[in-house]
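Keep the 3D view open as you read.

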Amino acid sequence: AVGATRTEQSSRYSITSTHGGRMITCKGDLWDYYNQGYWVAIMTNGDVKADGSLVMGRGSALEAAIRFPTLAKELGKVTQATGRPVVCQAVYSQVIGFPTKYSWRDKKSNLKLIARSAGELVTLVDELRISKVYMAAPGTGMGGLKWEDVEAVISVLLDDRFVVVLR
């Protein structure tokens with residue numbers, strides 16, 4: 001029911017949603033959820049290096065690139081094929097790239113791109129029938145945006161299959 005409180009327990013964190021069918025927020029470490037078998041979305045950009053790998057130099061993207069050495073090439077290949085930053089899944093892991101910047105050189109993440117990425121993420125999750133995706137707060141770390149501004153944009157697009165992990 002809308003307005004009802006729902007609590008979901010993980011091994012270390014308690015997640016409470018009062019949004020009914022809206023996205024959930026929690027505090028914790030994104031990779032703890034990945035280690036429990038959940039899908040995670042990492043924040044990316046649209047820059048591809050000369051070797052074909054996506055620039056993944058900071059934040060959740062760097063953390064993922066360290067964990068999965070082939071990930072930058074996988075995401076770079078999709079970005080080159082589409083010619084723009086795009087939400088895409090990794091082939092060998094349960095990781096989804098979620099663009100928040102057109103270029104790593106951009107000082108701030110782009111709210112319109114974040115909204116587009118959120119819509120693409122919903123489509124991908126529907127197509128793959130993924131039950132839950134944990135994600136860092138888009139654009140709020142290295143992207144320089146305020147969580148309140150980003151939340152206002154994505155909370156109307158993401159439902160309770162999406163959990164934003166705040167640090």
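Start with the largest nonpolar core: it has 26 residues, and Ile96 and Ile154 are the ones with the most contacts inside it. Which elements give two or more residues to this core? They are strand E4 (39–44), strand E6 (95–99), H4, strand E7 (133–136), H5 and E8. H4 provides the largest share, six residues. One thing to keep in mind while you look around is that this is a predicted model.

Zoom in on Ile96. Setting aside residues up to four places away in sequence, isoleucine 96 touches Trp39, Val40, Ala41, Ile42, Val87, Cys88, Gln89, Leu121, Leu124, Ile130 and Val133. Apart from that core lies another one, of 22 residues, with Ala61, Phe68, Ala72 and Tyr134 among them.

Cys88, one of the residues that Ile96 touches, is worth a stop of its own. Cysteine 88 sits in strand E5 (residues 88–89), and it is buried, with a relative accessible area of 7%. Its contacts, leaving out neighbours within four places in sequence, are Leu75, Val78, Val95, Ile96, Gly97 and Leu124. If you check C-alpha atoms, you'll find those of cysteine 88 and glutamate 120 separated by 8.6 Å, with the two residues 32 apart along the chain.

The protein has five helices and eight strands, and reading along the sequence gives the pattern β-β-β-α-β-α-α-β-β-α-β-α-β. Of its 167 residues, 50% count as buried. Take the contacts between residues at least 6 apart in sequence, and 61% of them join residues at least 24 apart.

Next, the helices. An α-helix has 3.6 residues a turn, so residues three or four places apart point the same way.

In H2, the buried residues include Ser60, Ala61 and Ala64. These cover an arc of only 105 degrees around the axis, which puts them on the same side of H2. The buried residues of H2 pack against H1, E4, H3 and E7.

E4, H2 and E8 each supply at least two residues of the lining, and H2 gives the most, with four residues.

On to the aromatics. A pair of aromatic rings is described by the distance of the centres and the angle of the planes. The structure holds five such pairs. In one of them, tryptophan 31 and phenylalanine 68 are tilted, at 6.2 Å centre to centre and 50 degrees between the planes. Tryptophan 31 belongs to helix H1 (residues 30–35), while phenylalanine 68 is in the loop between helix H2 (59–67) and helix H3 (71–82), so the pair ties together parts that are 37 residues apart in sequence. Are these two residues buried or exposed? Tryptophan 31 counts as buried, at 3% relative accessibility, and phenylalanine 68 is buried too, with a relative accessible area of 16%. Bring Tyr34 into view as well: ring pairs link Trp31, Tyr34 and Phe68 into a cluster.

Last stop, the backbone. Most residues other than glycine have a negative phi. Arginine 129 has a positive phi of about 55 degrees although it is not a glycine. You'll find arginine 129 in the loop between H4 and E7. Here we are back on the outside, as arginine 129 is exposed, with a relative accessible area of 76%.

Terms used: Residues numbered from 1 in each chain as written. Predicted model: local features only at pLDDT ≥ 70, side-chain atom pairs only at ≥ 80, totals over all residues. Heavy atoms only, no water. Phe/Tyr/Trp six-rings, centres within 6.5 Å; stacked < 30°, edge-to-face > 60°. Buried < 20%, exposed > 50% of the residue type's maximum accessible area, 1.4 Å probe, protein only. Core = buried A, V, L, I, M, F, W, Y, C linked by side-chain atoms within 4.5 Å. Contact = heavy atoms within 4.5 Å. Arc of directions from axis to C-beta.
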